[in-house]
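Morning, everyone. I have one structure to show you today, and I will talk about where its parts touch. Let's bring it up.

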2 protein chains.
Amino acid sequence: MEISPRRTGRPYDHSSDDRILAVTLDLLAERDYERVTLDEVAARTGKAKTTLYRRWPTKEDLVLAAVRAAGRPPEAERLPDLGSVRADLLAVLDSPWLGGPDRRLAIFAGLSSATRGSERLAEVVRSEVTEPYVEVYRRLLLRAVDRGEIAARLVASVPVLAEVIPAMSTHHLAAGRGPVRRDFFVSLVDDVVLAALQVR
Amino acid sequence: MEISPRRTGRPYDHSSDDRILAVTLDLLAERDYERVTLDEVAARTGKAKTTLYRRWPTKEDLVLAAVRAAGRPPEAERLPDLGSVRADLLAVLDSPWLGGPDRRLAIFAGLSSATRGSERLAEVVRSEVTEPYVEVYRRLLLRAVDRGEIAARLVASVPVLAEVIPAMSTHHLAAGRGPVRRDFFVSLVDDVVLAALQVR
């Protein structure tokens, strides 16, 4: 039996995966998906390109792995609880997840450009990012109804309002306006979601 | 001088363009972009495929032409004026444009699937459909502020709220929930836009 050249190589060193996937997210925070290259990931991590290609045959595979490694927003596991629905919604914005709001919103902008060229990436961003955020907002608003901060008669509006922040963020990114900024997010919270729910 | 074979053909008959582009929109109303074929357009119009390919070399070209031929929403030229901002917003929904709400919302669903595979289509849908609708909503809401139907102190919320209906429609379509339905649109008008602007 012949041993193929590939199988004689050293086993892949998984310990540097975290670093490679973090650098991939860094690049997505800096530029559109089209301008992210495995060359640049190799240069920044000091890895050989062949090593990267062996593990992630395409850029799409690498970015998919980076998104999956990032996981879901931690607020989906543990809702913020700061005593008011407004503070809770802003806590989602100010979450330290993925390095805090600046890096995270820049990564989402890069990912948005990626989803335009890849149905697989669009699907994983939808299931790992967009849908969990909708669920976080839905639960925060329903909890505020339970606590009497939002009038019970408005409970039927909660599902549609829980989608407004993710939908408007996607719309903003698709229009090529660059990363979502803090003031845009705060305006969505105050002028749309809380205004519609009559929270002062 | 040789005459090339192409130039000896009969001149292209432009009179059937309207029919071909309307059938293209019909197909987009029935199915995802991926499942729209020039074969089917040829079959439904009685045209030879070679005739279609001569004028629109790719499916993307044909769909781009169909979107451009449809033009912008007529409400962008002439705002509805029915005496209340709610009636005006619902008049945009119930517009006869592109065959009325059922066909039009189905076409938009087909176009949404098309924009995922083509940056050119995404750009033309953005400039010919999404942005004109944002502008229509913005103007309707500002007129309601002028008329005193919306409190003047809420005027700063108008730009962001003008984007909610198009953004939520795109979000709905991207999530694969099928064409936007009338009740979803009405909920956006009542539970989000007018609720945030405190219009009863």
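Start with the two chains. 25 residues of chain B are in contact with 25 residues of chain A. Keep in mind that this is a predicted model.

How much area do chain B and chain A bury between them? About 2,000 Å². Carbon and sulfur atoms carry 58% of that. On the chain B side, look for Val160(B), Glu163(B) and His171(B). Those three lose the most area to chain A. Together they make up 23% of what the chain B side buries.

Now the charges. Between chain B and chain A, the count is four salt bridges. Here is a salt bridge to find on screen: Glu119(B) with Arg116(A). Their side chains meet at 3.5 Å, N to O.

Which helices of chain B supply at least two residues each to the side that touches chain A? They are H8 (119-146), H9 (158-162), H10 (164-174) and H11 (182-196). The largest share comes from H11(B), with seven residues. Sort the touching side of chain B by class, and you get 13 nonpolar, five polar and seven charged residues.

Next, go inside chain A. Chain A is split into domain 1, residues 12-68, and domain 2, residues 72-196. Their C-alpha centres lie 27 Å apart. Where they meet, 14 residues of domain 1 of chain A are in contact with 13 residues of domain 2 of chain A.

The two domains of chain A bury about 1,200 Å² between them, and 66% of it comes from carbon and sulfur atoms. Three names to note here: Tyr33(A), Leu64(A) and Val67(A). They supply 37% of the area that domain 1 of chain A buries against domain 2, more than any other three residues.

Charges again. The interface between the domains of chain A has three salt bridges. Take Asp26(A) and Arg103(A), which form a salt bridge with their closest N and O atoms 2.9 Å apart.

On the domain 1 side, helix H2 (17-30) and helix H5 (59-70) of chain A each give at least two touching residues. H5(A) gives the largest share, six residues. By class, that side of domain 1 of chain A has eight nonpolar residues, six charged and no polar ones.

That's my tour. Questions, please.

Note on methods:
Residues numbered from 1 in each chain as written. Chains lettered and ligands numbered in written order. Predicted model: local features only at pLDDT ≥ 70, side-chain atom pairs only at ≥ 80, totals over all residues. Heavy atoms only, no water. Domains from an automatic or database assignment. Contact = heavy atoms within 4.5 Å. Buried area = accessible area lost by both parts, 1.4 Å probe. Helix = DSSP H or I, 4+ residues; strand = E, 2+ residues; numbered from the N terminus. Nonpolar A, V, L, I, M, F, W, Y, C, P; charged D, E, K, R; others polar.
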